[in-house]
Each structure stands twice: as C-alpha cells, then as structure tokens.
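Let's take a tour of this protein, one feature at a time. Keep the picture open while you read.

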Amino acid sequence: MIIRRAHTEDVKNIATLVMSLSHYYLPKQALAEELPKWFLNSLTEEQFLQRMNSNEYSNYVYCIDDEIVGYIAMKESSHLYHLFVSESHQGKGIANTLWQNVVKQNKVKKYTLRSSLYAVPVYKKWGFVETDIVRENDGIKFQAMALITK
C-alpha cells in the first residue's frame, strides 16, 4: 500500500476508476439511465489532466501492488472535489486513509464537499454535517456538507 501524488501518467487509470463508480451519483431506480452529458464531460481524461495540471487542485492515489484503487482530489486545499475507492476495495478504510492524509497536509479550519447521496454516511462518520437541503442537477442528487476542524 502506498499513497502518493497522482502523476499525469495516472490519468487514464484515474478516469477509468471514477467512471466505474459514477453510477453511485444516480438514484437506485435510475441505474440504467445515462449520466447527464455535463457530468460525463467532467470525467474525461482531458478534464482529469487539466485538474491535475492546475495549481488549484491536489490529487493523490492509493495504490496496492502498483494498481490505483483509490483517488482523492482537493480543490484549493479545503474543498473535497473527488474521493473514490474501487468497489472491490470498499469497506477497508482506504477512503479514510486518503482523507486523513489530506487533512494532515492541509490543516485548514473548514472543509466542504458535495457528496453523492450514497457517500453521505461515510462523511457523517468523519464529522461532516449537511449545510443545505439535497439538491439535484439533471437527475444527479448531491448533499452539500462541511466539517469544522479544531
């Protein structure tokens, strides 16, 4: 197991990982529906590469035997932009390990995120609270949340 900064060579694997989990943004009854075009456009390799090359974002991967099984991206050190763990490795503490790595490095007072409804329980377990009602954009529901640190 290793956590490291993501490299441009990782973009294809990161995009593949995130796309494999993107259905979690849709409600259970809509799993067969296509994701909205605006959302799919944000998950292209080009978009991942653009974010990776931007000073606004920091990107880390969790690797097991050189395979990327987890990915986290922070925007401006305080907004959790992406956090994904491959389905075969969920429930093993990888998301928490990635999160704690980011917290240790950033040490900011307030973190924010927009969670898929599927991931809300995980974020609540870490101390995040809802900051708004559940919102929807073209069938994708999300929950705005924040965490105030000590």
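## The largest pocket

Strand 4 gives the largest share of the lining of the largest pocket, six residues. Keep in mind that this is a predicted model.

Sort the lining by class and you get 16 nonpolar, eight polar and three charged residues.

## The second largest pocket

Next comes the second largest pocket, with about 330 Å³ of space. It is lined by 14 residues, and Tyr 25, Trp 38, Phe 39, Tyr 81 and Arg 114 are the closest to its centre.

Which element supplies the largest share of this lining? Here, too, the answer is strand 4, with five residues. Helix 2 (37-41) and strand 8 (140-148) each bring at least two residues to the second largest pocket. Its lining has nine nonpolar, four polar and one charged residues.

## One face of helix 1

Now look at helix 1, residues 11-21: its buried residues are Val 11, Ile 14, Ala 15, Leu 17, Val 18 and Leu 21. Why do they line one face of the helix? Looking down the axis of helix 1, you'd find these buried residues within an arc of 160°, so they line one face.

What covers them? Among the elements over the buried residues of helix 1 are helix 3 (45-52), strand 2 (57-64), strand 3 (67-75) and strand 4 (79-85).

## Rings that pair up

There are eight aromatic pairs in the structure. One of them joins Trp 99 and Tyr 111 edge-to-face, at 4.9 Å centre to centre with 70° between the planes. This pair ties together distant parts of the chain, since Trp 99 sits in helix 4 and Tyr 111 in strand 5, twelve residues apart. Are these two buried or exposed? Trp 99 is buried because its relative accessible area is 2%, and Tyr 111 counts as buried at 0%.

Trp 99 also pairs with Trp 126, this time stacked, at 5.9 Å centre to centre and 0° between the planes. Trp 126 lies in the loop between helix 5 and strand 6 (129-130), 27 residues away from Trp 99. With 16% relative accessibility, Trp 126 counts as buried. Zoom out and you'll see ring pairs linking Trp 99, Tyr 111, Tyr 123, Trp 126 and Phe 128 into a cluster.

Notes:
Residues numbered from 1 in each chain as written. Predicted model: local features only at pLDDT ≥ 70, side-chain atom pairs only at ≥ 80, totals over all residues. Heavy atoms only, no water. Buried < 20%, exposed > 50% of the residue type's maximum accessible area, 1.4 Å probe, protein only. Helix = DSSP H or I, 4+ residues; strand = E, 2+ residues; numbered from the N terminus. Arc of directions from axis to C-beta. Contact = heavy atoms within 4.5 Å. Nonpolar A, V, L, I, M, F, W, Y, C, P; charged D, E, K, R; others polar. 1 Å grid on protein atoms, 1.4 Å probe; cavity = no way out; pocket = protein on both sides within 12 Å on 5 of 7 lines; lining within 4 Å. Points joined across faces, edges and corners; volume = space filled by probe spheres on them. Phe/Tyr/Trp six-rings, centres within 6.5 Å; stacked < 30°, edge-to-face > 60°.
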